[in-house]
Amino acid sequence: MGAVAVKCNPDPTLLRLLAELGTGFDCASTEELRVILNLGVDPSRVIFANPCKSASSLLFAARTGVTLTTFDNLDELETIRAFLPNARLVLRIYACDNDALIKLGEKFGAPVDTSFVLLQRARELGLEVCGVSFHVGTGASNASAYVNAIRHAKMVFDLGKSLGYDMNLLDIGGGYQDSNFEKIAQSIRGALMEVFPPRTRIIAEPGRYYARSAYTLACKVLSRRCHIAEAAQKRSDMLYQNDGVYGSFLNVLLEKEVVHPSLIPCSAPYHHGNAKRARGPHRYSIWGPTCDSVDCVVRETALESEVRVGDWLKYSNMGGEPPP
């Protein structure tokens, strides 16, 4: 079962479609919970997968019937005991793919050697722990990171059993990419079959893997700077569009993602009268609309012909970008 990471793309149309298909949802905030529950999704299909939650968000979960949630520290257990005492807890353990685009283990995840203390405290507080979760990082590339995390999760299951917990849920997180999904899935399947009994419920938290290819972004060319004299021999001409790295292209800034636009020519581009568009490849750098020099979307790219003000640039696979 997939618990789609809402943070990846909160577009109501996408979320409604996924809800109708029967997916579960990974929510990380009160607002994400509210959006999903307002779609009519049953609370049993939601995991509040933020290991460090505010008291107000736990009270909201309590009012709306969301009980499955994560933790990775002692203070969180105290907060949950106070505001969501009927929670079904999932211990998030540390996991990391050192080659991932974003290493989430730097922020969340309890080291395995602290698991016994955390489980013991949960038992003392009378809290139910039903499983383990991990996330190796966004944009993962090493199957071994998942395999190692699965083996560590089994160790925590065994520790839980020694304390009287009957743990039966494993959340293997996200990080999956189109380019390596089959390879990683094969390794995960082998590791799960090796160490976990068939009765274990396995869920995952794919985000961009679902959403990325579902959206295309079109940006309008607001201005153009053609270099002259000596600069024309050394630098690509510059295009300025109506979206940049502080909006839909944040991953260019955060993850060094390289995007590849294609040209949608405007039938009546500005300021050029009847002059014919120059054909053949033209090289450009592409910039966002701010006055910040960091706001560079593409350092250099070749487009199929001359680009003029008023044209559009089309970007595919934009469904997993951070929202503006």
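Residues are numbered from 1 along each chain as its sequence is written, and side-chain values use heavy atoms, with hydrogens and water left out. Because the model is predicted, local features need pLDDT of at least 70 and side-chain atom pairs count only at pLDDT 80 or more, whereas totals for chains, interfaces and linings use all residues.

Salt bridges were assigned where a side-chain nitrogen of Lys or Arg lies within 4 Å of a carboxyl oxygen of Asp or Glu. The count by this rule is 13. Secondary structure elements are DSSP runs numbered from the N terminus, with helices (H or I) of at least four residues and strands (E) of at least two. Accessibility is given as relative accessible area, computed with a 1.4 Å probe on protein chains only: buried is under 20%, exposed is over 50%, and partly exposed is in between.

Arg34 pairs with Glu31, with 2.9 Å between the closest N and O atoms. Both residues belong to helix H2 (residues 30-38) and are three residues apart, about one turn of the helix. Arg34 has a relative accessible area of 33% and is therefore partly exposed; Glu31, at 45%, is also classed as partly exposed.

The salt bridge between Asp166 and Arg199 has an N to O distance of 3.0 Å. This pair links distant parts of the chain, 33 residues apart: Asp166 is in the loop between helix H6 (143-162) and strand S7 (169-171), and Arg199 is in the loop between helix H7 (181-195) and strand S8 (201-203). Asp166 and Arg199 are both exposed.

A further salt bridge joins Arg283 and Glu300, whose closest N and O atoms are 2.7 Å apart. Arg283 is in strand S12 (residues 279-287) and Glu300 is in strand S13 (residues 296-305), so the contact ties together parts that are 17 residues apart in sequence. Arg283 is partly exposed, at 44% relative accessible area, and Glu300 is partly exposed at 46%. Salt bridges also connect Glu78, Arg121 and Glu124 in a network.

The loop between S12 and S13 contains Cys291. An unreviewed UniProt entry places the feature "active site" at Cys291. UniProt positions are given in the numbering used here with shortened feature names, and annotations may be inferred rather than shown by experiment. Cys291 has a relative accessibility of 87% and is therefore classed as exposed.

A disulfide was defined as a pair of cysteine sulfur atoms within 2.5 Å. The search of the whole structure returned zero disulfides. For Cys8, the closest cysteine sulfur is that of Cys27 at 13 Å, which is too far for a bond. Cys8 is buried, with a relative accessible area of 10%. Cys130 is likewise in no disulfide, and its nearest cysteine sulfur, in Cys27, is 16 Å away. Cys130 is buried at 5% relative accessibility.

A pair of aromatic rings is described by the distance of the centres and the angle of the planes. Rings of Phe, Tyr and Trp (its six-membered ring) were paired if their centres lie within 6.5 Å; planes under 30 degrees apart count as stacked, over 60 as edge-to-face and the rest as tilted. The structure contains six aromatic pairs. One of these is the edge-to-face pair of Phe157 and Phe196, with 4.9 Å centre to centre and 80° between the planes. Phe157 is in helix H6 and Phe196 is in the loop between H7 and S8, so this pair ties together parts 39 residues apart in sequence. Phe157 is buried at 9% relative accessible area, and Phe196 is buried at 8%.

The ring centres of Phe249 and Tyr315 are 4.8 Å apart and their planes lie at 70°, so this pair is also edge-to-face. Phe249 is in the loop between strand S10 (237-241) and helix H10 (250-254), while Tyr315 is in strand S14 (residues 312-315), 66 residues apart. Phe249 is buried at 0% relative accessibility, as is Tyr315 at 1%. Ring pairs also join Tyr146, Tyr176, Phe181, Tyr209 and Tyr210 in a cluster.

Charges were placed over a ring if NZ of Lys or CZ of Arg is within 6 Å of the ring centre and within 35 degrees of the ring normal. Lys53 lies over the face of Phe48, 5.8 Å from the ring centre. The charged end of Arg123 is over the ring of Tyr165, at 4.2 Å from its centre.
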